[in-house]
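Subject: Structure for you to look through

Hello,

Please find the sequence and structure below. My notes on what was found follow them.

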Amino acid sequence: MNIVLLTAAGAGVRMHQDIPKQFLHVDNRPIIIHTMEAFQAHPNIDAIIVVTIESWSEVVWAYAKQFNITKLRWVVPGGDTGQDSIRNGLYALKKEFPQEEIVVTIHDGNRPLVTAEIISDSLATYAKYGNAVAVIPCTEVVFESEDGYSSCRSTEREKLFRTQTPHTYQLDELIAAHEEAKEKTIQGTAASCMLMKELGKMTYFSKGSEENIKITTLDDLKIFKALLHTRQEDWIKG
């Protein structure tokens, strides 16, 4: 069974809006619904769990009903950190599926332009290697700096990859990783791939996209609106 875990528990302080960024409306839909619709439409995703701000849980259910997100099965309160929120979601799944093998795809709720191709490649890479993290190559020159305003050291960009979501793992492996992190007091790893790296686990790359943006700032919101409208232009060939 393939389940997507959407993280939507951030307060969105960098957006400076009255409501969390994942609930801002773009083209008459909240951003979280744009994201959920991508997974709702994918034939290989069986169910959706959303980890969100507790006071917004009923809003998520209401939006899911309004926009016919029939795959939504759980809404779970988030934690103090991104790592805590993901763990809350995983533990909720563990209660539902104590024995059955479950594949979990973790995705940012405010990353709404994820495509069917990206989701499919994540699942295919997981099937081949046992995990998958969406990445894109780094195309710019990258400098290292100690003081934040000057440098004489650069890093070979051909060796650098920028991670995105989705991340796909087996549920049992994710739970074991979070429990090991608690024992070793590993904190602050909002990205599951970073947690796995801290635990010495190998990461395998799946397909990402420059368009698969995470909406964190007002500039990101503007880019999302532009990309969304561009995708709706039938004359543009991919």
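Leucine 6 stands opposite histidine 107 in β6. The names of such elements come from DSSP runs, numbered from the N terminus: helices are H or I runs of at least four residues, and strands are E runs of at least two. β1 and β6 pair in the parallel sense over six bridges; two strands count as paired if DSSP finds at least two bridges between them. Strands of a sheet pair through backbone hydrogen bonds, either parallel or antiparallel.

Before the rest, two notes on the source. This is a predicted model, in which local features need pLDDT of at least 70 and side-chain atom pairs count only at pLDDT 80 or more, while totals for chains, interfaces and linings use all residues. Residues are numbered from 1 along each chain as its sequence is written, and side-chain values use heavy atoms, with hydrogens and water left out.

The sheet

Seven strands form an open sheet with mixed pairing, in the order β5-β4-β1-β6-β10-β7-β11. β5 and β11 (205-207) are the edge strands, and each pairs on one side only. On average, neighbouring strands of this sheet are turned by 30° against each other, direction ignored. Helix α3 packs on the sheet and touches β1, β4, β5 and β6 (contact means heavy atoms within 4.5 Å). The direction of α3 makes about 130° with that of β5; axes are lines fitted to C-alpha atoms, for helices over the stretch in contact, and angles run from 0 to 180 degrees between N-to-C directions. Another helix, α5, lies across β6 and β10 and runs at about 110° to β10.

Helix α3

The buried residues of α3 include Gln83, Asp84, Leu90 and Leu93; buried means under 20% relative accessible area, exposed over 50%, and partly exposed in between, with a 1.4 Å probe and protein chains only. Among the elements that the buried residues of α3 pack against are β1 (2-8), β4 (47-52), α5 (171-183) and α6 (192-198).

The cores

In soluble globular proteins, nonpolar side chains tend to be buried together. A nonpolar core is here a set of buried Ala, Val, Leu, Ile, Met, Phe, Trp, Tyr and Cys residues joined through side-chain atoms within 4.5 Å. The largest one has 28 residues, and Ile3, Ile49, Trp74, Leu90, Leu93 and Val104 have the most contacts inside it. Its largest share, five residues, comes from α5. A second, separate core of 24 residues includes Ile33, Ile45, Val50 and Phe67. Back in the 28-residue core, valine 104 touches residues including Ile3, Leu5, Leu90, Leu93 and Leu174.

Aromatic pairs

Rings of Phe, Tyr and Trp (its six-membered ring) pair if their centres lie within 6.5 Å; planes under 30 degrees apart count as stacked, over 60 as edge-to-face and the rest as tilted. By this rule there are five aromatic pairs. Tyrosine 63 and phenylalanine 67 form a tilted pair, 6.5 Å centre to centre with 50° between the planes, and both residues are buried. The ring centres of tryptophan 74 and phenylalanine 97 are 5.9 Å apart and their planes are at 80°, so this pair is edge-to-face. Tryptophan 74 lies in strand β5 and phenylalanine 97 in the loop between α3 and β6, so the pair ties together parts that are 23 residues apart in sequence.

Single residues

Isoleucine 118, in helix α4 (residues 116-129), is buried, with a relative accessible area of 1%. Not counting residues up to four places away in sequence, isoleucine 118 touches Pro166, Lys207, Gly208, Ser209 and Asn212.

Which value does phi of asparagine 68 take? Phi is near 60°, positive in a residue other than glycine. Asparagine 68 lies in the loop between α2 (57-66) and β5 and counts as exposed at 52% relative accessibility. Aspartate 27, also not a glycine, has a positive phi of about 55°; aspartate 27 is partly exposed, with a relative accessible area of 35%.

Regards
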